[in-house]
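This report looks at the pockets of one protein model and at the residues that line them.

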Amino acid sequence: LMWEWASMIVGERKPFDEIMEMIASFERVLVLGCGGCVTVCLTGGEKLADLLASQLRMATKAKGLERTVDVDCMTRQCDREFISNLKVDLKQYDAVLSMACGAGVQFMSDLFPEVIWLPGLNTTFLGYNRSPGVWEENCRGCGDCVLAWTGGLCPIARCSKSLINGTCGGTNKGKCEGSNDMDCVWYLIYERLKTRGKLNELRKMRAPRDWRKDRGAGVRRLTHQEMVEQEGKA
Amino acid sequence: MELLSAFEHGADGVIVVAGHAGGDRYPGATERVRRRVEQVRAMLKEVGVNPERLQYVEAADQGRAAMRAAMVDAVSRIASA
């Protein structure tokens, strides 16, 4: 069977006790699922929001506390277009536990600053589903992609040292010295380029990397000037 | 979700009944159910509910007597949880 790979922002649910602590002082809580990336990686979608809400209600009851925990889910929490998806009035709640990635939580928080937004997930990486139940990081969003000459394998995200002149001395029969579970991406790059007859790519001199594009200059922004003008006219 | 929901609404225990792995009509279904039960057990543990209150019986296709024995065993586990 061919597994259908899907790439996305990956997150994992925060530990249950941490979530309980976050909502400790709130009596009306909404768990808000996100139908985007975190649904695909099985951590923050409607179903998982339902499960978490049920857990929170059970734990609340077991502690003899008074708290209502409701659930809702939006198509995506990072796009104004989907605000109309909300089936509940956010003002009814003391806090909203968002199951979106960090971008989604902040987007909603900016749109509804009067509401207390809490993160239900730890956003972990950009990656894809390697096999059923397993997601793996493969992009760091470094701002200066090198995949063209590394055989489509990212050394920034997938090398423990983010080397661009690997392998290092720690490569071990195709595995990383950091962990035997982790492939040495520079070994993979070498093998792939060899298969393609493109090993000369590795012999080329390349200019030093500009790490400022990787958070070195603070918050990064993408601007499509033509769209900015359009918005201005409207 | 249905499993947790049963506990949330006051069930003392839940028994999930499946056929033995390999004998299921849909290949792999029994294994998937078994894993899902483990997932829910972990969730119950998180909220302070004894995971033994969720029992899994793999005897649906082994005849009435085997099924009855498995159910009696599961119920007694739930009762002592």
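## Second largest pocket: the lining

In this predicted model, β6 of chain A provides the largest share of the lining of the second largest pocket, contributing four residues. The space in this second largest pocket comes to about 680 Å³. Its lining is made up of 18 residues, and those closest to the centre are A:I9, A:A103, A:L126, A:R215 and A:R220. Two or more lining residues come from each of α4 (102-111), β6 and β7 (134-139), elements that belong to chain A.

Sorted by class, the lining of the second largest pocket holds eight nonpolar residues, together with five polar and five charged ones.

## Largest pocket: elements and classes

Which elements supply at least two residues each to the lining of the largest pocket? In chain A these are β1 (7-13), α3 (46-62) and β6 (121-131), and they are joined by α2 (29-46) of chain B. The element that gives the most to this lining is α2 of chain B, which accounts for seven residues.

Technical notes: Residues are numbered from 1 along each chain as its sequence is written. Chains are lettered from A and ligands numbered from 1 in the order in which they are written. This is a predicted model: local features need pLDDT of at least 70, side-chain atom pairs count only at pLDDT 80 or more; totals for chains, interfaces and linings use all residues. Side-chain values use heavy atoms; hydrogens and water are left out. On a 1 Å grid over the protein atoms alone, a cavity is a set of points where a 1.4 Å probe fits but cannot get out, and a pocket is an open set with protein on both sides within 12 Å along at least five of seven lines; lining residues have an atom within 4 Å of a point. Grid points are joined across faces, edges and corners, and a volume is the space filled by probe spheres set on the points. Ala, Val, Leu, Ile, Met, Phe, Trp, Tyr, Cys and Pro count as nonpolar, Asp, Glu, Lys and Arg as charged, and the others, Gly among them, as polar.
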